[in-house]
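Here are some exercises to work through with the model open beside you. Try each task before reading its solution.

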Amino acid sequence: MEPEPGASGTAVTEFVLLGLVETPELRPAVFVLFLLAYLVTVGGNLIILAAILVEPKLHKPMYFFLGNLSVLDIGCITVTVPSMLVRLLSHKHTVPYAACLTQLFFFHQLAGVDCYLLTAMAYDRFLAICRPLTYSTHMSQTVQRTLVAVSWACAFSNALTHTVAISTLNFCGPNVINHFYCDLPQLFQLSCSSTQLNELLLFGLGILMAGAPVILIVTSYIHVAAAVLRIRSAEGRKKAFSTCGSHLTMVGIFYGTGVFSYMRLGSVEASDKDKGIGTLNTVISPMLNPVIYSLRNPDVQGALQRVLTGKRALV
């Protein structure tokens, strides 16, 4: 679609978010469901954070990264779900242009940090299993903080680049987004100027933000698998693999939904499916992370029990 004659800058001042359901009768049920999901996610991740802070056994690099991941999960669901709940209550589906771009920025900021944190956790498992003698040196507190700081800086650059790039597009036609939050693929479909450069930018930065981390994660786990298979004790192999299972599950959910969302740009017919994938990305994944770690890790289970019962750990 070509821009209207004389159109310059942004003609559209607000967008209409259709949300998850368009049937009024279903909105109360969706509101209750997503409110519960939000409370469970925030509560679960806050409990994980509390357990990591108060439990001496969890004062390790792996749990330092897990604590940061819990903060990201709270942030990710807070960027999208509360505003959707407000729209369900008020029946007002419009979102100002500036608010839409602000949501886009914070969503990509948090998702970007997630990409690099999951990579840092894979690197931590590689050092712990393949380089145990030098682990404390290579994963010191300074290294941990540097990895987190670099993750935030890279994600900030990525989010800012996409936000500035999309602000240069003209929106002078339809302003209806068939989604419950603002994101790049849906905005590309509404632009009345060429999005080719934006799509190339999304692809190029996607390689840096997701492609490179995936390669590093896979490489780390190839070395981990080789090291674990050399352990003669079956119990030893099981223990080593168990520390990686939770992380690999999270990586699979996060990258699986992310690839599905962004590799099908321009597909209007797929927008209903995109809402389902968006729900997985922003709601289900953050809600599952505390469950995945607590179910598979006896140290976390013990810490959670002590936090919930108010008992102190025996050091």
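Axes here are lines fitted to C-alpha atoms, for helices over the stretch in contact, and angles run from 0 to 180 degrees between N-to-C directions. Helices (H or I, at least four residues) are DSSP runs, numbered from the N terminus. This is a predicted model, in which local features need pLDDT of at least 70 and side-chain atom pairs count only at pLDDT 80 or more, while totals for chains, interfaces and linings use all residues. Residues are numbered from 1 along each chain as its sequence is written, and side-chain values use heavy atoms, leaving out hydrogens and water.

**Exercise 1.** Work out how helix 1 and helix 10 are oriented to each other.

Solution. Start with the axes: those of helix 1 (residues 27-54) and helix 10 (residues 298-309) come within 9 Å and cross at roughly 100°. Next, apply the classes: under 35 degrees is roughly parallel, over 145 roughly antiparallel, 65 to 115 roughly perpendicular, and the rest oblique. Helix 1 and helix 10 are therefore roughly perpendicular. Now look at the contact (heavy atoms within 4.5 Å): helix 1 brings Ile-47, Ile-48, Ala-50, Ala-51 and Val-54, and helix 10 brings Val-300, Ala-303, Leu-304, Val-307 and Leu-308. Finally, sort them by class (Ala, Val, Leu, Ile, Met, Phe, Trp, Tyr, Cys and Pro are nonpolar; Asp, Glu, Lys and Arg charged; the others, Gly among them, polar).

**Exercise 2.** Describe how helix 5 packs with helix 2 and with helix 7.

Solution. First, helix 2 (residues 61-90) and helix 5 (residues 141-167) pack at about 25°, with axes 10 Å apart. That makes helix 2 roughly parallel to helix 5. Their contact counts seven nonpolar, two polar and one charged residues; among those meeting are Phe-64 and Leu-72 in helix 2 and Arg-145 and Trp-152 in helix 5. Second, helix 5 and helix 7 (residues 196-229) pack at about 175°, their axes 11 Å apart, and are therefore roughly antiparallel. That contact includes His-162 of helix 5 and Met-209 of helix 7, and divides into eight nonpolar, four polar and no charged residues.

**Exercise 3.** Find where pLDDT stays under 50.

Solution. Recall that pLDDT is the predictor's confidence in each residue, from 0 to 100. Take the whole protein first: the mean pLDDT is 84, and 90% of residues reach 70 or more. Then turn to residues 1-10, where pLDDT stays under 50. Where pLDDT is low, the predicted coordinates should not be read in detail.

Technical notes: Helices (H or I, at least four residues) and strands (E, at least two) are DSSP runs, numbered from the N terminus.
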